[in-house]
Amino acid sequence: MAIETKTKKATPKRATSKRKKNLVIVESPSKAKTIEKYLGTGYKVVASIGHIRDLPKSQMGVDTEHNYDPKYINIRGKGDIIKSLKKEAKAAKHVYLASDPDREGESIAWHLSHALDLAVDSDENRVVFNEITKDAVKDAFKHPRKLDMNLVDAQQARRILDRLVGYSISPLLWKKIKKGLSAGRVQSVALGLIIDRENEIQAFRPEEYWELPTTFKKSRKKFHAGFYGLDGKKVARIPDNEMVQKILARLDQKADFNVAEVVKSEGKNNPSPAFTTSTLQQAANTQLNFQTRRTMSTAQQLYEGINLGGKNGTVGLITYMRTDSTRISALAKNDASQFIHDEYGAEYAAKKPLKTRQQEGAQDAHEAVRPTSVFRTPASIKDKLTNDQFKLYQLIWSRFVASQMTPEIIDRVRVTIDQGGVMFRANGATTKFAGYTKAYPAAKAKDNVLPVMEVGDKVQLESLNPEQKFTQPKPRYTEAALVKALEEAGVGRPSTYAATIETVKSRGYVRMDAKKFIPTEIGKMVQAAVREYFPDVADLKFTAQIEHELDNVEAGDENWVKVVDEFYQPFKVELNKAEVEMDKMVVKDKLAGENCEICGAPMLERLGRYGKFYACSRFPDCRNTKTIVKEIGLTCPKCHQGQIIERKTKRGRTFYGCSRYPDCDFVSWDKPTEQTLADGTTPKAKDEKNKSKTTKKRTSTTKTKK
């Protein structure tokens, strides 16, 4: 019996090859994650982790004989990343380069094109966006463009100029002064500003003057006034006590004083424009106590995206943070107007926001730094942000909203009080309408309410206390003030200021005291050498002119090789002259006046990276070192036995502590004074949790590297 067998019909196999995706390359993984979510399944987004090629560290890497041709090499440690990018690019349907929208980002895209063998001149594969939001990203991919070689050339010219200066002068400084030193175009100008200010302070001769702060009373209400003038004329300054006595002799302090004039007026304070990179750095430094590097790092996180959870996922919270522009898009203005109408009322929304003047030489490629959505208030996302992220986002959000609001209206009153021809003046101010300060309270004018007074009223003198004072020099630079000075001079770019300040600190050219820069001895020596032999490098105006020429390269108005050559040819002459004529600047060791407690040899005062320290004269046989203890003339407020002394952390940051440490653990980052100790306002270490860290740092400063 035959058995019928059934055979299965063969079914065609499904294609196993995956559909090719578009490859998008950005700088950072967090940015990649955010953008991939917006683009969907047809795109794969990967990160290059910053630059992949650069000039070599071991040599100049610039052919000065052949049009300054740069010798780029793959950055050490980037081999696996480049290999992976090549593999992904080969398998991709199309490659898009979406690095940051500035010179540096354009340069990264150009280097990626070379490394991945992409067509630099013909491919429209460059994608830029000012904010990492769904709409902005998707719209950008509808309009890819070719690489902008003007931007690339401007960045390349800056990089080559900095390399020519740094790799030419630094070895000379090592040979003539000591190893580990460096000089640079913007770095040397920044250090020069700090040293010049210090020289002004040291050369300043204070002049005596006197003030006559007074307190008057009207109907039991007290108010403050100050001396204004004599016999109807303003007196600019009371020069000495002799004049004080002549003024007091004309007064009957027990008699009534007359209200001679009352002038009322209405004033207004206009809002500031939204932040540029520079103004953001300054405001964050003064209002949040953020160092420039901390500001830029936190802003980068906010720009690249924060995971807000829920439907939102990862969202870019602010626009691109490297910008010189105060321009705001029409869409952002409309959103701000709607938010202000809904949140504060129509009277707070500016019909025509104030026009702002751009800084000379400012780049207007991007908007100001603003929130990507004004409706995303700081309070609504506070629980999704770190403390730094929240503070900076709140600052950016508040400043932007305020820039689209009406002015603050202030009622002002000026009262002149007279007796025997001696005039005093009191100024009062009260906010009539909050205006933009409703959203930005930090900018609100301080109220000073005076009692209601009319001409002919009588007031009584409550107190008059003459105070001797002396004129003060300009203050030392804080980070905010230095950034402002560099920007106003047109030196460098705000995006480079953080790195410049960090370099000046890390080289030991400055130390920080009460958040202000003080030049060190080694910093002064380096700057003196640069100024003598390379005057153009240290010159503010010359460096600003170079910056202007780089802007012209970016605009396509100048050739980058010509800009570099016009700088290098005279610089080369100066370099050859310095090689021959610069004397070795010996950093002489001084006797410390005490002997080594280990071997008994004399101790020497030596100059290290972070200043002076004591070291055994038998080094290297004896490696004993000691920190130089500097008393500031105040007794410790905690134990009332030790002296407050100035110390340094391993990173060169100055702090103040008790000489009886570890028996007494008083410590302060800011320099105490008799006044702050009396008021109890001397800032201690940031909190008790950090105290142990601080004391560990104090212990570590007992030994200083040679």
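The legends below take up helix 13 and other parts of the model.

The model is predicted: local features need pLDDT of at least 70, side-chain atom pairs count only at pLDDT 80 or more, and totals for chains, interfaces and linings use all residues. Residues are numbered from 1 along each chain as its sequence is written, and side-chain values use heavy atoms, with hydrogens and water left out.

**Figure 1. Overview of the protein chain.** The protein chain has 20 helices and 28 strands; these are DSSP runs numbered from the N terminus, helices being H or I of at least four residues and strands E of at least two. Of its 706 residues, 48% count as buried (under 20% relative accessible area, with exposed over 50% and partly exposed in between, for a 1.4 Å probe and protein chains only). Among contacts between residues at least 6 apart in sequence, 68% join residues at least 24 apart, where contact means heavy atoms within 4.5 Å.

**Figure 2. Helix 13 and its cover.** Helix 13 spans residues 479–489, and its buried residues are Glu-479, Ala-480, Leu-482, Val-483, Ala-485, Leu-486 and Glu-487. The elements covering these buried residues include helix 6, helix 8 (277–288), helix 9 (292–304), helix 14 (494–506) and strand 20 (516–519).

**Figure 3. Packing of helix 6 against helix 17.** Helix 6 (residues 185–203) and helix 17 (residues 540–554) pack at an angle of about 145°, and their axes are 10 Å apart. Axes are lines fitted to C-alpha atoms, for helices over the stretch in contact, and angles run from 0 to 180 degrees between N-to-C directions. The crossing of the two helices is left-handed, that is, the near helix is turned anticlockwise from the far one by less than a right angle. Helix 6 contributes Arg-185, Val-189 and Leu-193 to the contact, and helix 17 contributes Leu-540, Thr-543, Ile-546, Glu-547 and Leu-550. An α-helix has 3.6 residues a turn, so residues three or four places apart point the same way.

**Figure 4. Glu-554 and Arg-103.** Glu-554 lies in helix 17 and is buried, with a relative accessible area of 18%. The side chains of Glu-554 and Arg-103 are joined by a polar contact of 2.4 Å (a pair of N or O atoms within 3.5 Å; within protein, one must be able to donate a hydrogen and the other to accept it, and residues adjacent in sequence count only if both atoms are side-chain atoms).

Figure 5. Strand 1 (residues 22–26) is joined to strand 2 by 5 bridges. Asn-22 has Tyr-43 of strand 2 as its bridge partner, and Val-26 stands opposite Ala-47.

Figure 6. Strand 19 and strand 20 pair in the antiparallel sense over 4 bridges, and Met-512 stands opposite Phe-517 in strand 20. From strand 19 (residues 510–513), Val-510 and Met-512 point one way and Arg-511 and Asp-513 the other, and all are buried. The hairpin has 2 residues between the strands, and Ala-514 takes a positive phi near 55°.

Note on methods. Pairing = 2+ DSSP bridges.
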